[in-house]
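Please keep the viewer open while you read.

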Amino acid sequence: MTTDKITILYSKNRAEINKLLNNLKEFEPDIIRIAEYHKIPMDFIFLPCRNREIVDARQCLTSLIRERYNLHQTGRLIGGYDHTTVINSCRAVSDRRDTDKEFNSFYKSLTHFDKASKKRKVYIEPPVYPTCFTSLAFR
């Protein structure tokens with residue numbers, strides 16, 4: 001994918017990306033470092049594309065968030081991904097850490113959470129449905 005196509009894709013998804021970044025304020029320093037390591041703009045991590053640099057950065061962030069939240073919450077925070085995508089991202093990062101020593105030392109330098117904070121439940125708002133659906137829910 002060329003840079004022009006990525007820029008167009010970014011301009012179409014800017015509002016969604018800003019919303020995702022607001023939900024991930026606690027990970028902002030790590031998002032910045034991940035983007036710098038992969039040499040991409042910070043907002044590009046959340047683009048729905050398969051560019052290798054962007055995918056690697058997204059997988060790294062997904063694996064880091066997974067240490068704190070469960071599979072479904074992690075998928076929602078990253079942008080509505082399925083739990084199987086989160087599992088695949090975590091496996092890819094684990095495999096890369098085993099083979100790439102530079103990446104392993106970089107990943108270890110990111111913020112990690114201890115077991116106590118990992119188990120803390122965090123409420124994520126459910127999606128808002130149109131009123132025509134909510135009126136049918138309790139009949």
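Phe103 and Phe106 are both buried (under 20% relative accessible area with a 1.4 Å probe and protein chains only; exposed is over 50%, and partly exposed lies in between). Please bear in mind that this is a predicted model, in which local features need pLDDT of at least 70 and side-chain atom pairs count only at pLDDT 80 or more, while totals for chains, interfaces and linings use all residues. Residues are numbered from 1 along each chain as its sequence is written, and side-chain values use heavy atoms, with hydrogens and water left out.

Both phenylalanines belong to helix 7 (residues 101-109), where a spacing of 3 residues puts about one helical turn between them. Helices here are DSSP runs of H or I with at least four residues, numbered from the N terminus.

How many aromatic pairs does the structure hold? There are 5 aromatic pairs. In one of them, the ring centres of Phe103 and Phe106 lie 6.3 Å apart with the planes at 45°, so this pair is tilted. Rings of Phe, Tyr and Trp (its six-membered ring) pair if their centres lie within 6.5 Å; planes under 30 degrees apart count as stacked, over 60 as edge-to-face and the rest as tilted.

| Helix packing with helix 7 | Axis distance | Angle |
|---|---|---|
| Helix 4 (residues 52-66) | within 11 Å | roughly 45° |
| Helix 6 | 6 Å | about 120° |

Axes are lines fitted to C-alpha atoms, for helices over the stretch in contact, and angles run from 0 to 180 degrees between N-to-C directions. Helix 6 is therefore oblique to helix 7 (angles under 35 degrees count as roughly parallel, over 145 as roughly antiparallel, 65 to 115 as roughly perpendicular and the rest as oblique). Val93, Arg96, Arg97 and Thr99 of helix 6 make this contact with Lys101, Phe103, Asn104, Tyr107 and Lys108 of helix 7, contact meaning heavy atoms within 4.5 Å.

On the helix 4 side, Cys60, Ser63 and Leu64 meet Phe103, Phe106 and Tyr107 of helix 7.

Key: Helix = DSSP H or I, 4+ residues; strand = E, 2+ residues; numbered from the N terminus.
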